[in-house]
Amino acid sequence: MFGIRKISICTHTLLLLFWLFAIKGIAIGQCVNQVRTYATIQQTNEGLLTSVDNAANAVDGNPKTFSKLNRLIGLGLGSVTQYLKFSTPVTAGTPVTVKLSLPSSLLSLLAGVEVQPFTNLHDAGLFGWQADAAGQATTNASLLGLINGAGDMEITIVPKTAGGVPVIYDGVWVSLTGVAVAQSLNLFHAYIKTDVASGSTMGCSTPVDVLAGTMAGTVVGGIANATGTVANKWNAIDTDPTFSTYAELNVGAQVLSKVFHTTIFNVASQPGDFVRMILQDPGGGLLDLSVLSGFTIQFYNGSVAAGPSISSSSGLLSISLLPSTGGKYQLDVLPPVITVPFDRVEVQMGGLADVSLTQGLRIYDVKRMVATPAINIDGVASSTKAVCAGNTATLSINNAQLCTTYNWYDAATGGNLLAAGNSYTPPVANLSAVATNWFYVDATRNGCSEATTRTPVNINVNPLPAVITATTPPICSGVVSTAITYTATNTPITYSIVWDNAALTAGFINITNAVLPAGEISVTVPANAPGATYNGIITVKNANDCLSAGKPFSITVDAKPTQPLINLTQ
């Protein structure tokens, strides 16, 4: 079995599409970053044989921690509710997201969970905490339509009336009630997205949350019989630079079920961003994505799929073995539709009956990457160019992204910031003569703290040749050639002569890029050139196509003396 699949990414095609959409003015990204604003106030109502464990965890702003709502016995009696309130009322039309973790047994009942926006949370004394419903509740079948399996899930709703009118709200409550068996659910948090203050920065590409769990697939008996697991889900985004810790997906004995691991990023992507994962076969052998059971990758923008799923054979994947890592692989994944932003990426496995396929996968790291700058020099894709002394070149980005700043430096790390922008033309005075001048550029997303590695580019400065001519002795009218004696530096190989108007009128002919003979240059003189001094400028050029400064010279043609007239007398 061939173990390493190397598939090239169609970068040029994607960039062309990006520019076509950008030119037409289609909005494919916003430059104002938004960040999670969590509910920070909580209250609970606990009834007969119900409880809430670690209630404060649902408002601590930590996506890893959770409260636990419990119903202790399955008599169909008693309910438990936790209220999560924002610090200020939320504008109508603002989506709110609640993160829950539900057991498969609760999902199979299709009942018992309610998410309800509210206003006017207050202490009603003997009746406990009460609030007024704001818009419709999300319950039972409508709730299950928003989730895809057991385990972690985000439920995002826009609070509205039955007539579809958005409403102002203060927060959401989550209730567990009315089921026929003892149940519990984990409540992590509720959040809305708000604009980041102008001038502040944040970790935009940093993973901020993880969802993981199982999906029924075609398992007989539904989600309750799915046996897949995701162990140590947070290790996939712990930013361990040594890639020592990992999350592990395993389909389990019931191979028709699926497992999923979803990485959520802080803000949405821009066109050209991609995802990089570090993966490994649990057995440490060759990793061939085609033999992983039902391996797919799905990008999302919130709960909405950002394009179709990506299979192991997709041209959007590029996988390579990381040297000296014990069988770990780097997988780069481009989104299938570059004009649709994404804020999360999900790995799925399973759903196939073929038990011979590999059923497990380790995920060591998941990151979203800003495209490393690629360079044009004077409009041509290249990382180096030679120029002649006294000249410069324009460096520009040929894969420029929206909402991204490109910073030009004089060192691979540290150094001096020379300029910021999509292009940079080094001043001639700053280029060292007869030397290689290195420049470096990185990309930073506006309002974000991350920067790409710096791309190097260099401008080589070649010296100009020079020519020095000796004085050419006068010639007599009618002489049809003479020679210009010269010395030169920096190895010129061709010469050119441009005559002044008087010489051209007399019949002298300009010479362009003729082969330069050694020591002296033969000049053709018109046979009928009248006596005069004729002026020209000579330049030489070397193999680097560098042209010397013009050197004036002259040729003097002396007129012949007049034939004497002799008169004889007797």
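Predicted model: local features only at pLDDT ≥ 70, side-chain atom pairs only at ≥ 80, totals over all residues.
How many bridges pair β13 with strand β16 in the antiparallel sense? The count is eight, with β16 spanning residues 258-265.

**View 1. Strand β13 with its partners β16 and β10.** Let us start with β13, which covers residues 207-215 and has eight of its nine residues buried. On the β16 pairing, leucine 211 stands opposite threonine 262. Strand β10 (residues 150-157) also runs antiparallel to β13, and two bridges join them. There, glycine 151 stands opposite glycine 213 of β13. As you follow the strands, keep in mind that side chains in a regular strand alternate between the two faces of the sheet.

**View 2. An open sheet of five strands.** The strands follow the order β35-β41-β40-β37-β38, and their pairing is mixed. At the edges sit β35 (475-476) and β38 (511-515), each of which pairs on one side only. Strand β37, made of residues 492-499, pairs with β38 in the antiparallel sense over three bridges. To find your place in this pairing, look for tyrosine 495, whose bridge partner in β38 is alanine 514.

**View 3. The largest pocket and its lining.** This pocket has a volume of about 560 Å³. Its lining counts 29 residues, and those closest to the centre are Gln34, Lys193, Ala268, Asn301 and Asp343. Strands β10 and β12 (183-195) each supply at least two lining residues. The most comes from β12, which gives three.

**View 4. Aspartate 343 and a network of salt bridges.** Aspartate 343, one of the residues closest to the centre of the largest pocket, meets arginine 344 in a salt bridge of 3.0 Å, N to O. Both aspartate 343 and arginine 344 are buried. They belong to a network of salt bridges that links Arg36, Lys99, Glu154, Asp209, Asp343 and Arg344.

**View 5. The salt bridge between arginine 445 and aspartate 273.** The closest N and O atoms of this pair are 2.9 Å apart.

**View 6. The salt bridge between aspartate 378 and lysine 385.** Here the closest N and O atoms are 2.5 Å apart. Aspartate 378 counts as partly exposed, at 36% relative accessibility. Lysine 385 is also partly exposed, with a relative accessible area of 30%. The structure holds 14 salt bridges.

**View 7. Tryptophan 234 in its loop.** This residue lies between β14 (229-231) and β15 (247-250). Is tryptophan 234 buried or exposed? Its relative accessible area is 16%, so tryptophan 234 falls under the 20% cut-off and is buried. Look across to tyrosine 364, which is 130 residues away in sequence and 9.7 Å away in space, C-alpha to C-alpha.

**View 8. A nonpolar patch on the surface.** Leu48, Leu49 and Leu72 form this patch, and together they have about 300 Å² of accessible area. Leucine 72 is found in the loop between β4 (67-71) and β5 (79-90).

Methods
Residues numbered from 1 in each chain as written. Heavy atoms only, no water. Pairing = 2+ DSSP bridges. Helix = DSSP H or I, 4+ residues; strand = E, 2+ residues; numbered from the N terminus. Buried < 20%, exposed > 50% of the residue type's maximum accessible area, 1.4 Å probe, protein only. Patch = residues over 30% accessible without salt bridge, like charges linked within 9 Å, V, L, I, M, F, W, Y side chains within 5 Å. Areas by Shrake-Rupley, 256 points an atom, 1.4 Å probe, with all protein chains shown as cover. Salt bridge = Lys/Arg side-chain N within 4 Å of Asp/Glu carboxyl O. 1 Å grid on protein atoms, 1.4 Å probe; cavity = no way out; pocket = protein on both sides within 12 Å on 5 of 7 lines; lining within 4 Å. Points joined across faces, edges and corners; volume = space filled by probe spheres on them.
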